[in-house]
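Good morning, everyone, and thank you for making the time.

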Amino acid sequence: MIEVRNLKKKFGDHTVLESIDFQVSKGEVVCLVGASGSGKTTLLRCLNLLEMPDEGSITIGAKTLKFGGGSVRRNDIKELRRFSGMVFQSFNLFPHKTVMENIIEAPIIVQSRPKAVAIEEGKILLSKVGMLEHQDKYPDALSGGQQQRAAIARALMMKPEVMLFDEPTSALDPQLVREVLKVIEGLAKEGQTMVIVTHEMNFARRVSSKALFMDKGFIVESGKAAEVLTNPKEASTREFLALLDDD
Amino acid sequence: MSNRAFTNAGSNAGMTTSEPLIVVPLKHYGRWCWAALTLLLAVAAMNSIVNNANFEWSLVAHYLTSATVLAGVWMTIKLTVLSLLLGFAGGAVLALMRLSSNPVLVAVSWTYTWLFRAVPLLVQLFLWYNVAALYPHLAINLPWVGLVWSAPMNSIISPFSAAVLALVLHQAAYAAEIIRAGILGIGSGQNEAAKALGFDRWQTMSRIVLPQAMRTILPPAGNEVIGQLKTTAVVSVIALQDLLYSVQIIYQRTYEVIPLLMVATLWYIAMTSVLSIGQYIVERHFGRGVAAQGRAPWEYVNDFLGFKQKRGKI
């Protein structure tokens with residue numbers, strides 16, 4: 001489903017990603033964990049080309065892109081993005097549109113789906129994330145948790161092969177974190193392929209089949225989530241988890 | 001610990017006062033005094049305007065709808081609408097050029113804005129009116145095709161076309177800055193969300209960025225619209241018959257200067273008032289989704305007088 005090979009990314013002279021290799025099979029839930037600045041968010045953003053990698057290759061669904069040989073064509077970028085849906089830390093709902101307008105905008109404009117069909121599908125997805133009753137509200141009138149659930153529905157509307165989550169609960173008040181994690185867990189149970197950057201270790205242990213631990217731009221440890229996040233082999237992973245336990 | 005103590009104290013205090021408190025609005029006596037004084041001054045001013053015979057209100061009424069004046073009003077409206085539509089269209093193009101990643105477009109846009117803001121509109125107006133002295137002929141020559149079209153400049157530049165040209169080019173420079181500021185105010189998260197959903201650049205700009213930018217573009221743009229309506233009065237210097245020039249034509253014949261200036265004043269007030277109301281309605285439309293909606297003037301009056309009113313929806 002996803003295959004990343006020898007991916008490299010620099011910001012100026014600073015290397016943020018170094019020789020990244022990993023695979024995600026269909027139905028797998030992969031968590032990216034690591035300290036701030038370890039490169040996990042950059043890696044996730046590279047997967048739908050919000051950041052352009054400098055070298056290596058990315059395959060998502062049926063599309064493979066190679067980097068390093070000149071600039072990437074705009075159509076290729078669009079095609080690769082078609083296979084992934086992105087959920088942001090700060091939700092990024094469109095504030096001038098209601099919840100329903102937010103989620104049907106891209107299907108209508110980008111995929112040219114009929115409006116009535118998009119609304120029907122939108123209702124199904126909104127009820128799935130528990131937001132149907134709020135469909136006519138503007139994002140400003142919603143709590144962070146509600147906004148994030150709407151943002152998840154918006155990404156799902158495009159029927160992506162893979163869902164990418166960039167610290168989906170980091171901007172939320174503690175009491176709102178659960179409602180969002182529950183939605184993501186529900187998707188995991190349905191077999192949705194997902195890559196999640198998160199600091200919620202218990203959640204990561206519960207939902208993910210695989211965990212990648214990143215440090216200084218490298219994937220230092222990867223394997224079954226339960227093992228990596230409970231009995232890590234590497235010293236840096238142990239240190240990181242110990243820091244979190246102090247809380 | 002301290003929290004609990006506070007709660008206990010609160011509930012004890014609550015028990016000693018058995019009757020519920022009645023909430024009454026605070027009385028603002030000072031406000032009423034100032035309001036009365038201001039109203040008094042306003043009434044005095046009105047009184048002097050109405051009863052000063054020098055205004056010659058009967059003449060004002062006579063000329064207000066005369067054919068010459070109405071033709072002038074129509075010309076002013078035409079100039080305003082044309083220069084705003086073309087000016088803001090040009091401004092939008094200039095703003096997008098300035099924000100593009102092409103250094104040539106950025107430089108051209110920057111130079112244009114610099115140049116046209118640097119020269120007074122009045123000077124530009126004279127320059128365009130006299131452009132025939134610079135370029136006697138206007139011709140389109142295509143490479144390999146040769147001369148496609150040509151005409152003497154004097155047949156192209158009339159007072160009207162010179163006025164439109166000057167007003168549009170001037171307006172575009174200011175509109176560009178207003179639109180650019182509006183676009184810059186939209187966070188990068190909106191762009192990224194649109195990209196991730198597969199929008200191309202044009203769809204992102206037209207569906208996501210510009211509609212949100214309108215909220216910050218509109219108040220200064222409204223200022224420009226109203227300013228532009230009044231600015232069109234400068235065209236009277238090249239003998240274009242707008243509202244001001246029309247009343248000048250009449251009072252140069254009849255010497256009824258003040259009444260005719262009053263006619264122009266009343267028309268300008270009427271037209272800018274209509275524009276202000278229009279601005280208010282448009283701003284409401286683009287303010288969707290924002291909790292702090294602009295309030296209508298009558299809502300302030302209602303508030304002041306203490307009338308109950310519906311709260312705006314969030």
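Predicted model: local features only at pLDDT ≥ 70, side-chain atom pairs only at ≥ 80, totals over all residues.

The largest cavity is lined by G85(A), M86(A), F88(A), A151(A), R154(A) and A155(A), together with A193(B), A196(B) and L197(B). Residues are numbered from 1 along each chain as its sequence is written, chains are lettered from A and ligands numbered from 1 in the order in which they are written, and side-chain values use heavy atoms, with hydrogens and water left out.

By cavity I mean a set of points, on a 1 Å grid over the protein atoms alone, where a 1.4 Å probe fits but cannot get out, whereas a pocket is an open set with protein on both sides within 12 Å along at least five of seven lines; a lining residue has an atom within 4 Å of a point. Grid points are joined across faces, edges and corners, and a volume is the space filled by probe spheres set on the points.

The whole structure holds 2 cavities of 30 Å³ or more, and the largest has about 60 Å³ of space. Which element gives the most to the lining of this largest cavity? That is α5(A), with 3 residues, where helices (H or I, at least four residues) and strands (E, at least two) are DSSP runs numbered from the N terminus. The lining of the largest cavity divides into 7 nonpolar, 1 polar and 1 charged residue, with Ala, Val, Leu, Ile, Met, Phe, Trp, Tyr, Cys and Pro taken as nonpolar, Asp, Glu, Lys and Arg as charged, and the others, Gly among them, as polar.

Turning to the largest pocket, its volume is about 960 Å³. It is lined by 28 residues, of which N191(B), K195(B), D200(B), R201(B) and T204(B) are the closest to its centre.

Still in chain B, β1(B) (137-142) and β2(B) (146-152) pair in the antiparallel sense over 6 bridges, pairing requiring at least two DSSP bridges. I140(B) stands opposite W149(B), and W144(B), in the turn of this hairpin, has a positive phi of about 70 degrees.

Finally, chain A has domain 1 (2-83 + 161-245) and domain 2 (95-159), with bounds from an automatic or database domain assignment. Their centres, taken over C-alpha atoms, are 25 Å apart.
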